[in-house]
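Please open the model in a viewer and keep the sequence panel in view.

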Amino acid sequence: MAEKTSNKEIFFNPFSKDNPVVVQVLGICSCLAVTAKLEPALVMGISVIAVLAFSNVIISLIRNTIPTNIRIIVQLVVVAALVIIVNQLLLAFAYDVSKQLSVFIGLIITNCILMGRLEAFAMGNKPWPSFLDGVGNGIGYTIILVIVGFFRELLGSGTLLGYQVVPQSFYDAGYANNGLMILPPMALIVVACIIWVHRSINKDLQEK
Amino acid sequence: MINKQSNVYTIVYITVMVVIVGAALAFTAMSLKDRQLENADADKMKQILQSVHITTERATVVDEFHRYITSSMVVNDKGATIDGVDAFSVNVAQEAKKNDADRLLPVYVCTLDDGEQKHIIPLAGMGLWGPIWGYVALDADGTTVYGAFFDHQGETPGLGAEITKPQFTDQFDGKQMFKDGTFLPVSVVKKGQAPSDTRDYVDGISGGTITSKGVSDMLDDCLRPYKAYLESLSK
């Protein structure tokens, strides 16, 4: 597999054609949870990129030694350990951000994208392509999270990254924030709209 | 070549892995512990100061805290000071579970730049998903709310988590804790409604009903034992 696809494709495919969220439909749960505001969505994306890249490399390095009957357990231990380390580092060096993300950092462990990439890619490829694959998929995930977070925060709260962007004159003219945007169902609807647009552009992705 | 499917290999593999991962995690936790505790303490100081509308940065918070918080004490539900207990180290969440008579009740006395004294009372309660806590600052006579601060562990962003926002906390400013001499803590109710008695109230958060209720219960529960102390202030 690594021989057939170039490193460039490994890195860039997850951005669009093979996007983990809108094409593989993985990691939808965290897409719901952290996208009510743009900032947590961004930090969550960065954390996932870090964990995904490093767990991919580690698993790829030890892939030939892992006994096949316990490979999922080994993957989980590696991911869980990395997530705990990320969480500890955030607590020590970025306390405020870690408070904001609270439980979601821990929930990276259960993010399907991680298990998916480890099982599908890192188990059968060398460390460098695995690293690129991890970063690529992480960025693909972050892109979607940021798009969803952007629309939800803009339409739901009238702010972006906490700054007011919808001018007061709009509110005076009768404009109101859409409270529904903050609720979880709208995250799914926004993701569905992204998939719709994405498939309209990439006709080859449409199912017959 | 080792047989990678054998049970012995599997057991040795998993044992070695657990030892390595365990050691790595223990090392990370130990080496970062001091920094984390420092951060947690600094964060607590920042929160206390926020209840008197003083916003600080991480770098200056410790100095600012010691400048503004001129004294702190621990009282009991009779309003008498308990000696030998450091107010800052009292675990408010633990105390809130005890009977009123057994509780250690910390009070921070803050002296503002204009010389006015405020009494800051810590709160702890439960939201929808986990613990919530906060600080209420009262004027020197113990009747009027000067400011409030709330925080949470894992309330829903955009809904329950809105209790930390000024839009919510600023509503508390100027509310009364006593009505006609009776002690009635401020309550949080659904927008457009009012509590059954004459107590002061603020609007809850739409979509965050259970968290709002949690804040209301927390105010009730944590301020009740301070009744005697607050009454002694107004005399």
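**First stop: chain A**

Select chain A and colour by secondary structure: from the N terminus on, its elements run α-α-α-α-α-α-α-α-β-β-α-α. The radius of gyration, taken over C-alpha atoms, is 19 Å for chain A, close to the 17 Å that the globule rule gives for 208 residues, so the chain is as compact as a globular protein of that length; the rule is 2.2 Å times the number of residues to the power 0.38. Helices (H or I, at least four residues) and strands (E, at least two) are DSSP runs, numbered from the N terminus. The model is predicted: local features need pLDDT of at least 70 and side-chain atom pairs count only at pLDDT 80 or more, while totals for chains, interfaces and linings use all residues. Residues are numbered from 1 along each chain as its sequence is written, with chains lettered from A and ligands numbered from 1 in the order in which they are written.

Along its principal axes, the C-alpha trace of chain A spans about 65 × 50 × 25 Å.

**Second stop: Ile194(A)**

Now select helix α10 (residues 184–201) of chain A and find Ile194(A) within it. How many C-beta neighbours does Ile194(A) have inside 10 Å? There are 19, which is why Ile194(A) counts as partly exposed. Apart from residues up to four places away in sequence, Ile194(A) touches Val22(A), Ile144(A) and Ile147(A); contact requires C-beta atoms, placed from the backbone, to lie within 7 Å. The C-alpha atoms of Ile194(A) and Ile147(A) are 8.7 Å apart, although 47 residues separate the two in sequence.

Move to chain B, where six strands form an open antiparallel sheet in the order β2-β1-β3-β4-β5-β6; strands pair if DSSP finds at least two bridges between them. The edge strands are β2 (81–82) and β6 (145–152) of chain B, each pairing on one side only.

Select β3 (residues 105–111) of chain B together with β4(B): four bridges join them in the antiparallel sense, and Val109(B) has His119(B) as its bridge partner. Five residues lie between the strands of this hairpin, in which Gly115(B) takes a positive phi near 85 degrees.

Continue to β5(B), which pairs with β4(B) over nine antiparallel bridges. The hairpin between β4(B) and β5(B) has four connecting residues, and Gly125(B) stands opposite Ile132(B). On to β6(B): seven bridges join this strand to β5 (residues 131–139) of chain B, with Trp133(B) and Asp151(B) as bridge partners.

Is β4(B) mostly covered or mostly open? Eight of its ten residues are buried, so described by the cut-off of 20 or more C-beta atoms. Select Ile121(B), which, leaving aside neighbours within four places in sequence, is in contact with Val107(B), Tyr135(B), Val136(B), Leu138(B), Leu223(B) and Tyr226(B). Ile121(B) and Val51(A) touch the most other members of the largest nonpolar core, which has 99 residues. Helix α4 (residues 71–93) of chain A gives this core its largest share, eleven residues. Such a core is a set of buried Ala, Val, Leu, Ile, Met, Phe, Trp, Tyr and Cys residues joined through C-beta atoms within 7 Å.

**Last stop: between the chains**

Finally, display both chains: 24 residues of chain B are in contact with 21 residues of chain A.

Notes. Two residues are in contact if their C-beta atoms, placed from the backbone, lie within 7 Å. A residue is buried if 20 or more other C-beta atoms lie within 10 Å of its own, exposed if 12 or fewer, and partly exposed in between; C-beta atoms are placed from the backbone.
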